[in-house]
Amino acid sequence: MQGDTNQLIHLKNLLNKLGKSTGLKVNYDKSFMVPINIQDQKFDELANTFCCSKGSLSFTYLGLPLSIARPTVSDFWPLVTKCERRLVSVSSFLSQAGRLELTNIVFTTLPTFAMSTYILPKTIIKQIDKFRKHCLWRGSDVNNKQPPKATWPMVCIPKEEGGMGVLNLSTQNECLMLKHLHKFYNKVSIPWVQLVWDKYHSNGKLPRLTNNFRGSFWWKD
């Protein structure tokens with residue numbers, strides 16, 4: 001939201017009314033405000049108005065790295081570690097079909113939230129694929145060197161076409177990002193779409209993509 005004192009007062013009033021009606025109160029001591037292009041004096045005034053502490057970019061929210069710059073490989077490494085921990089918990093008693101289901105249901109879905117927000121670096125996708133391959137062909141034994149029974153591109157082919165139906169993470173990542181463009185260009189009735197159109201494209205015309213396009217890295221992706 002804009003760095004405006006009146007907007008913060010209205011927001012706080014709404015949150016207080018929500019707390020009185022539901023019994024769920026916001027803990028302002030555990031909340032913090034992050035500025036973007038706001039002077040220190042104005043930032044102090046806004047933080048005091050909202051009665052919260054002051055934060056700064058970059059930080060992690062719901063497991064996602066948030067910053068005005070493109071996240072680096074190291075920012076996504078906790079996601080890789082999360083997949084690695086799941087690999088240890090794979091039961092050695094699972095059949096090949098069971099490990100296939102585990103690969104699709106667990107290891108393939110773990111990065112979905114991140115892929116809905118960012119284009120993941122190829123290094124991260126490659127590392128997650130490494131754990132998916134290990135789960136599918138070798139189970140939880142990290143020292144198992146059993147060779148795969150099929151190439152990974154074949155594994156990612158749909159079952160009706162002769163493959164094993166494991167999702168291609170790169171393709172899935174692109175599709176999830178394209179959903180945002182679909183919502184934006186078709187003016188789907190959701191708050192962020194309406195906000196962007198009303199604030200930046202109130203004339204109703206689509207933004208032009210040129211060599212001088214100055215959008216954020218997220219929009220460029």
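## Aromatic pairs

How many aromatic pairs does the count come to? In this predicted model, the count comes to six aromatic pairs. A pair of aromatic rings is described by the distance of the centres and the angle of the planes.

Take tyrosine 28 and phenylalanine 50 as one to look at. Their ring centres sit 5.3 Å apart and the ring planes are at 85°, so this pair goes down as edge-to-face; the cut-off for that label is planes over 60 degrees apart. Where do the two rings come from? Tyrosine 28 belongs to the loop between α1 (5-22) and β1 (32-33), while phenylalanine 50 is in helix α2 (residues 40-50), so the pair ties together parts that are 22 residues apart in sequence.

## Helices α6 and α8

Now for some helix packing. Two packed helices are described by the angle between their axes and the distance between the axes. Here, helix α6 (residues 122-138) packs with helix α8 (residues 169-185) at an angle of about 125°, and their axes are 10 Å apart. That angle makes α6 oblique to α8.

Which residues meet? On the α6 side you'll find Ile125, Ile128, Asp129 and Arg132, and they meet Leu169, Ser170 and Asn173 in α8. Sorted by class, the α6 contact with α8 has three nonpolar, two polar and two charged residues.

## The second largest pocket

Rolling a probe the size of a water molecule over the atoms shows where empty space is left. The second largest pocket holds about 210 Å³ of space. It is lined by 13 residues, and Leu62, Gly63, Leu64, Leu79 and Ala114 are the closest to its centre.

Which element gives the most to this lining? That's α3, with three residues. At least two residues of the lining come from each of β4 (64-66), α3 (77-88) and α5 (112-115).

Two spots in the backbone are worth a look. Leucine 57 and serine 58 are joined by a cis peptide bond, with omega at about 0°. Serine 58 is in the loop between β2 (53-54) and β3 (59-61).

The other spot is asparagine 37, in the loop between β1 and α2. What is phi of asparagine 37 near? Phi of asparagine 37 is near 60°, a positive value in a residue other than glycine.

Terms used:
Residues numbered from 1 in each chain as written. Predicted model: local features only at pLDDT ≥ 70, side-chain atom pairs only at ≥ 80, totals over all residues. Heavy atoms only, no water. Axes fitted to C-alpha atoms, helices over the stretch in contact; angles between N-to-C directions. Helix = DSSP H or I, 4+ residues; strand = E, 2+ residues; numbered from the N terminus. Parallel < 35°, antiparallel > 145°, perpendicular 65-115°, else oblique. Contact = heavy atoms within 4.5 Å. Nonpolar A, V, L, I, M, F, W, Y, C, P; charged D, E, K, R; others polar. 1 Å grid on protein atoms, 1.4 Å probe; cavity = no way out; pocket = protein on both sides within 12 Å on 5 of 7 lines; lining within 4 Å. Points joined across faces, edges and corners; volume = space filled by probe spheres on them. Phe/Tyr/Trp six-rings, centres within 6.5 Å; stacked < 30°, edge-to-face > 60°.
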